[in-house]
Amino acid sequence: MSSSSSFRNYRVVIASLFLPNTIVLGTDGSGKSTPDNVAPRTTSKANGLSSSAKPKDINMPEVVLRLQNDKTKPAVLSRAPPLKSIVEDLRDRSRHPTGAPTSPVNESSNPFSKINTPTSMSKSPSTTDLTSPTKGPPLSYRIPNQRRLRRRASSRSLSRRSDHAPYSPDLDGPNPDFHIEPNAHCNGGLKNAVDSVSFSTARAQPRKKMWVGTLGVETDSWSDTLRQRTSTRLRAGGYESEVVWVEDAVFEGCYDEFCHQVLWPALHYAIPDAPKTTMFYESASFKQYVKVNQKFADTIKQIWREGDVVWVNDYHLMLLPAMLRAAGVTGPIGFFMHIAFPSSEIFRCLSVRDKLLKGMLGADLVGFQTANFARHFRQTCSRILAVEALPRGIQLMGEEEGSSQEGKGRFVDVGVYPMGIDVALLRERRREPEVSEWIAVLKQRYAGMKLIVGRDKMDEIQGVKQKIQAFEVFLEKHPEYQGKVVLIQIAIPSNAPRSPNTATPNSALIDQILTTVSSINSRFSTLTYQPIVFLPTSDVTYSQYLALLTCADAFIVTSLREGMALRTHEFVVLQEGKERGKQGVLVLSEFTGSWSFRGFRSCIGINPWDKTGTANSIYEALNDTCSDVDAVEGRYRRWEELLGWVEEQSGQKFVTGFLGRCSRAWQEHQRGTEGGNSGSVDVLDRSKVGRVLVQWRHCTRRLVLVDLEGTLWDREKYRFKMKFKKDVDVQDPGLKAAIEILRQLNADKRNEVWVLSGLTVQGALGVVARELPDIGIVAENGCFIKTRTRRGQPSQWINMVGNLNMTWKSSCVEMLNYFTERTPNSFVEERQTSVVWRFWTGDPTEDSADRQWARRQAAEAQNHIFDSLGERYGLRIIPGANSFLVIPNNISRSTAVGAILHPGGPAQAPLSGRSAWTSNDLAMASGDDLECVLAVSGDEKLLRRLNELDTAETCSTSGKGTDAKWRMDRAQVGELLTVFARV
Ligand SMILES: O=P(O)(O)OC[C@H]1O[C@H](O[C@H]2O[C@H](CO)[C@@H](O)[C@H](O)[C@H]2O)[C@H](O)[C@@H](O)[C@@H]1O
């Protein structure tokens with residue numbers, strides 16, 4: 001695949017831990033199984049919307065809730081039970097000691113009730129009937145000790161069919177029945193976003209997709225035949241899924257332990273509570289994590305074909321990109337992190353930090369939900385792996401200077417791709433009659449009351465405890481709201497471990513939350529009022545959920561950290577159609593991805609750690625009586641702004657933006673890879689130089705621009721040999737050889753030679769200037785230009801940056817002195833307008849602990865300088881293998897060359913009254929006679945700029961990704977320039 005046109009037909013392989021659909025053994029509710037030879041349910045597309053058969057999990061990214069089947073819908077709704085008093089309710093409960101919910105929801109028909117909800121919650125007296133605000137948990141309710149939330153505990157179990165007649169699948173039989181159902185565990189946000197994109201019609205969009213993932217059920221006991229039959233069924237059109245088969249125990253170690261107990265908290269910035277949580281940052285289950293990732297790599301390798309784009313999703317698969325590369329996947333690979341990414345100070349606590357980062361860096365593009373997460377990732381890579389972090393991504397160093405692989409590093413793009421929802425589909429869903437019916441029921445039940453709604457996972461990260469506590473403070477501070485406001489909190493089971501004997505932090509937390517809920521309810525309840533209604537997700541249908549969001553006066557998210565928070569986007573859309581100014585208010589934690597977008601600043605932001613502040617915000621959200629025109633208008637405008645952003649940041653934009661960039665990044669990286677597949681950047685060597693010489697030979701005017709150190713002159717080698725003694729450069733035979741080549745080039749009157757350097761005007765450049773007075777020199781990366789001597793006019797050094805604020809230099813040197821003290825044999829080189837830190841003066845090919853230490857120090861130093869001075873003074877840092885340079889942003893060789901080429905530029909030679917370049921020949925100013933430019937440089941910016949000239953032959957010597965027309969091996973620069981000098 002060498003051109004972008006190939007991408008019009010590409011297939012996207014979406015790797016995500018769970019497939020969108022799963023296999024359930026036995027027949028479905030209607031007694032049907034899914035025959036092997038019948039076409040699967042198809043997903044028809046109309047206006048880009050999925051109209052796949054129900055039940056479907058639309059816009060439920062945080063947990064998959066399903067529509068209830070027909071049994072639960074209008075018939076029940078239209079006969080909603082009469083409003084009962086708490087006395088009646090308690091009487092009912094005493095008749096039904098299990099506390100089984102009496103809501104219209106037919107729980108048995110909700111297959112997710114047995115998956116996402118622990119028995120302890122789904123059957124506990126804490127569950128309550130949505131339609132009855134007066135009902136609730138008995139005040140003394142507590143979770144029994146043995147209860148634990150086991151998020152996926154039953155997910156891989158075969159006993160999911162409790163809603164039907166007992167079923168014992170005959171797994172040994174030749175053809176056990178099975179059917180296909182939506183997978184409760186798949187990332188609903190991702191699935192909805194992918195489904196919102198047309199994979200067949202649009203140009204420059206993927207034509208096909210293939211999901212790769214696990215089923216989310218236990219499969220150890222499945223025969224090979226059953227595996228084959230189910231794999232074949234899911235592969236077919238309509239499902240387009242490839243199953244990754246993982247042993248149950250391996251999956252459990254990977255998912256329940258490593259993902260949920262190590263990665264989940266760490267990536268959400270949770271500090272280990274050592275020594276209580278011994279497994280927090282170090283876990284033997286990493287081995288299982290590796291195995292699961294490897295299974296994915298093996299499976300993808302089998303189906304991967306040229307032209308595919310592989311899209312790896314989320315923290316469960318951080319090792320996969322590098323494994324795919326190792327397995328020989330040569331096409332584009334993208335990695336998207338759906339959850340948060342912490343600062344390096346937290347990430348560095350993970351014992352397997354290097355492996356995880358290197359795994360992700362196997363991708364061409366690594367995407368995050370917010371700029372902060374992306375920045376953390378870049379800094380973490382730079383600090384932990386000592387690689388170069390640039391605003392656009394990570395430059396991997398490749399091999400060290402001097403080795404045969406020197407400079408052959410790879411670039412990994414890092415970008416921000418905020419996830420969004422499928423707004424059109426949500427609107428379609430809310431128009432369904434049962435949603436309206438539930439809206440009517442809720443309005444009647446909660447008439448005269450303010451409704452606050454929340455839906456969160458029951459773990460430390462999503463801050464339910466903080467929310468409940470803040471709500472209590474609110475009721476205390478504003479007694480006028482007692483009896484008038486209800487918080488309906490939908491609880492998603494948390495990521496608790498499976499081990500039956502472990503008392504987990506989560507079970508303690510849930511205990512704490514439910515105790516607090518009980519205590520608040522006992523404090524503020526009356527005969528007809530209960531302030532908090534606590535519901536497990538399994539007790540809420542999707543229609544009820546949409547109705548709740550529609551009726552809510554406020555929606556509150558108190559996450560302590562979160563990747564995005566798409567439920568808030570749903571809330572915003574569902575406020576549509578309300579009377580102007582009556583839209584509900586969003587109260588949103590500042591620590592969510594959603595909050596970090598400008599478009600979301602119209603909500604009420606809260607710090608969830610600040611209970612009083614949150615309580616005040618609840619008051620603010622509810623107290624907006626909309627009585628005066630300004631308030632009405634203000635409320636409406638705020639909601640309108642939120643809606644604008646939700647529409648703008650759609651799921652479709654997320655998918656097409658990420659995949660489009662991933663393909664382009666891969667193409668760019670191909671160009672930058674020596675001998676890359678695209679073949680678009682040829683190596684200019686002896687065999688090909690003839691192609692350039694054809695034109696060169698006939699030019700009467702040639703501009704030669706060549707980098708000195710690192711390109712024409714291997715300075716470091718000699719300096720190392722001479723132990724970096726002062727003024728050693730001027731005696732270097734390599735410098736003399738370089739001067740000789742420049743002399744030969746300059747001897748031809750048709751050539752105007754310019755040397756480009758990062759060195760100061762003294763030292764080596766002083767020697768060049770003395771030996772070759774009539775060539776031009778750019779020193780200190782563009783800070784100084786020495787004009788050429790021609791026609792008797794003396795040359796002179798021009799300061800290009802006389803007006804620049806250089807106060808940053810002393811602070812920078814001070815910081816570097818600190819690092820120098822800790823890094824043996826390092827030193828600071830202060831230049832006029834830049835500072836260099838040489839952190840390694842030993843053997844450049846050495847890979848010792850000392851050198852690694854020096855590189856880590858360098859990464860650390862770069863980050864300190866960048867964070868404290870970079871933005872303030874507009875500095876950039878250019879890292880090298882053994883040193884890095886700190887220089888103002890607006891100084892570059894490219895700018896200097898611009899000044900040389902531009903007649904009115906600052907390099908205008910004062911004596912000639914013309915620009916440095918045109919001083920020799922006015923005709924050049926018009927470009928008429930500018931027949932040929934030869935540029936040999938490692939400066940990509942400069943080469944790109946020169947590419948704009950038709951007559952330029954640009955050659956990159958950096959070994960990195962390049963837009964130059966040619967690549968040139970540094971070792972051959974002298975020899976090739978001699979060829980040019982002779983023609
Ligand atoms: O619980 P897991 O199976 O380990 O999955 C983690 C969560 O993934 C999804 O949420 C994340 O992605 C969402 C969409 O990009 C984003 O809005 C959210 O903030 C992320 O946490 C999934 O929706 C959750 O149910 C999973 O718990």
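1. The model is predicted, so local features need pLDDT of at least 70 and side-chain atom pairs count only at pLDDT 80 or more, whereas totals for chains, interfaces and linings use all residues. Residues are numbered from 1 along each chain as its sequence is written, and side-chain values use heavy atoms, with hydrogens and water left out.

2. Helix α29 covers residues 940–947, and its buried residues are Glu940, Leu942, Leu943 and Leu946 (buried means under 20% relative accessible area, exposed over 50%, partly exposed in between, with a 1.4 Å probe and protein chains only). Seen down the axis of α29, these residues fall within an arc of 160 degrees, so they line one face of the helix; the arc is that of the directions from the helix axis to the C-beta atoms. They pack against β21, β22, α27, β30 and β31, contact meaning heavy atoms within 4.5 Å. Helices (H or I, at least four residues) and strands (E, at least two) are DSSP runs, numbered from the N terminus.

3. An open sheet is formed by 4 strands in the order β26-β27-β29-β28, with antiparallel pairing, where two strands pair if DSSP finds at least two bridges between them. The edge strands are β26 (827–830) and β28 (875–879), each of which pairs on one side only. β28 and β29 are joined over 5 bridges, and Ile877 stands opposite Val886 in β29.

4. Two helices lie across strands of this sheet: α25 (residues 808–822) runs at about 5 degrees to β27, while α26 (residues 849–873) runs at about 160 degrees to β28. Axes are lines fitted to C-alpha atoms, for helices over the stretch in contact, and angles run from 0 to 180 degrees between N-to-C directions.

5. The count of disulfides, each a pair of cysteine sulfur atoms within 2.5 Å, comes to 0. The sulfur of Cys932 has its closest cysteine sulfur in Cys699, at 4.0 Å, which is too far for a bond. Cys932 is buried, at 2% relative accessible area.

6. Arg455, in strand β14 (residues 450–457), is buried at 0% relative accessibility, and its side chain makes a polar contact of 2.9 Å with the side chain of Tyr545.

Terms used
A polar contact is a pair of N or O atoms within 3.5 Å; within protein, one must be able to donate a hydrogen and the other to accept it, and residues adjacent in sequence count only if both atoms are side-chain atoms.
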